[in-house]
Amino acid sequence: MISARIPPDGSVLLLAPVRGPTAEVAPTIAALAAHAPVLVGLGLSGEEMRGLVDYFVLAEAEPIVPLSPNETSEVRGLCRFGEVRVPNPAFVEVLRWGRDRPIPVAALDPSDEEAAHLFAEHIGYVELVRRTVRERRVSRKPPAPSSADEFALEWDDTVARGRGSRALAGARDRHLAREFARVRPAGERAAVVVDRERFDAVRTLLTDGVPPVMGDE
């Protein structure tokens, strides 16, 4: 898990745990507790957040989670660094931590409907085919770096390196930054938690502001 305080006053804490390893949970929660935010924003959609709350935070028993071949390969690749859980255990525990305080946790990513629109806008047929080929290739031969952090970055760089995929990721990150600015109580301490591979882009957007780009949403 890496983190950064957003200038100018450091009242916003950005956290980026690697998706999957349970070892990322404790430092994420410890950093949140030390920062004492009045609101936490999560890099997922409202539908995804409701699913995590209903089926993992509040449920007496966790359901069986079916994985795609690509997800299965990602989990197997991460297992060399320790225990891995699906869905992202850091996000699940952040939601549980917020409910126990209580501290509001806000979903910052586009809704499922908005995400589908962004996908259709940015991922054309050629990019879709290339993305599928890259996913199959990395599933057969996952990265073999020396840490979970490096694995997450290499995995994302392999799967989402195409121009359309990068444009889609940029549009999603800009939506997140705008949504956080909308829901954050003015002047209060807050935190944003995203997957590791989104850290650099989100930090830049939270620091510099979202540029006026047409057609993001």
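**Close-up 1. Phe-151 and Trp-155, one helical turn apart.** Phe-151 and Trp-155 sit four residues apart in helix α7 (residues 148–159), so about one helical turn separates them. Keep in mind that what you're looking at is a predicted model. Search the whole structure for aromatic pairs and you get one. That pair is Phe-151 with Trp-155: the ring centres are 5.6 Å apart and the planes meet at 25°, so the pair is stacked. The cut-off for calling a pair stacked is planes under 30 degrees apart. Are these two residues buried or exposed? Phe-151 is buried, at 0% relative accessibility, and Trp-155 is buried too, with a relative accessible area of 5%.

**Close-up 2. The two faces of helix α2.** Helix α2 runs through residues 46–57, and its buried residues are Gly-46, Met-49, Leu-52, Val-53, Phe-56 and Val-57. Why do they end up on the same side of α2? Because they cover an arc of only 140° around the axis. Now check the face turned away from that buried side: here you'll find Arg-50 and Tyr-55, which are exposed. As for what covers the buried residues of α2, the list includes α4 (89–100) and β4 (105–107).

Close-up 3. Glu-127 belongs to helix α6, which spans residues 125–140. With a relative accessible area of 10%, Glu-127 counts as buried, because the cut-off for buried is under 20%. Which residues does Glu-127 touch, once you leave aside its neighbours within four places in sequence? Its contacts are Arg-134, Gly-162, Arg-163, Gly-164 and Ser-165.

Technical notes. Residues are numbered from 1 along each chain as its sequence is written. This is a predicted model: local features need pLDDT of at least 70, side-chain atom pairs count only at pLDDT 80 or more; totals for chains, interfaces and linings use all residues. Side-chain values use heavy atoms; hydrogens and water are left out. Buried means under 20% relative accessible area, exposed over 50%, partly exposed in between (1.4 Å probe, protein chains only). The arc is that of the directions from the helix axis to the C-beta atoms. Contact means heavy atoms within 4.5 Å. Rings of Phe, Tyr and Trp (its six-membered ring) pair if their centres lie within 6.5 Å; planes under 30 degrees apart count as stacked, over 60 as edge-to-face and the rest as tilted.
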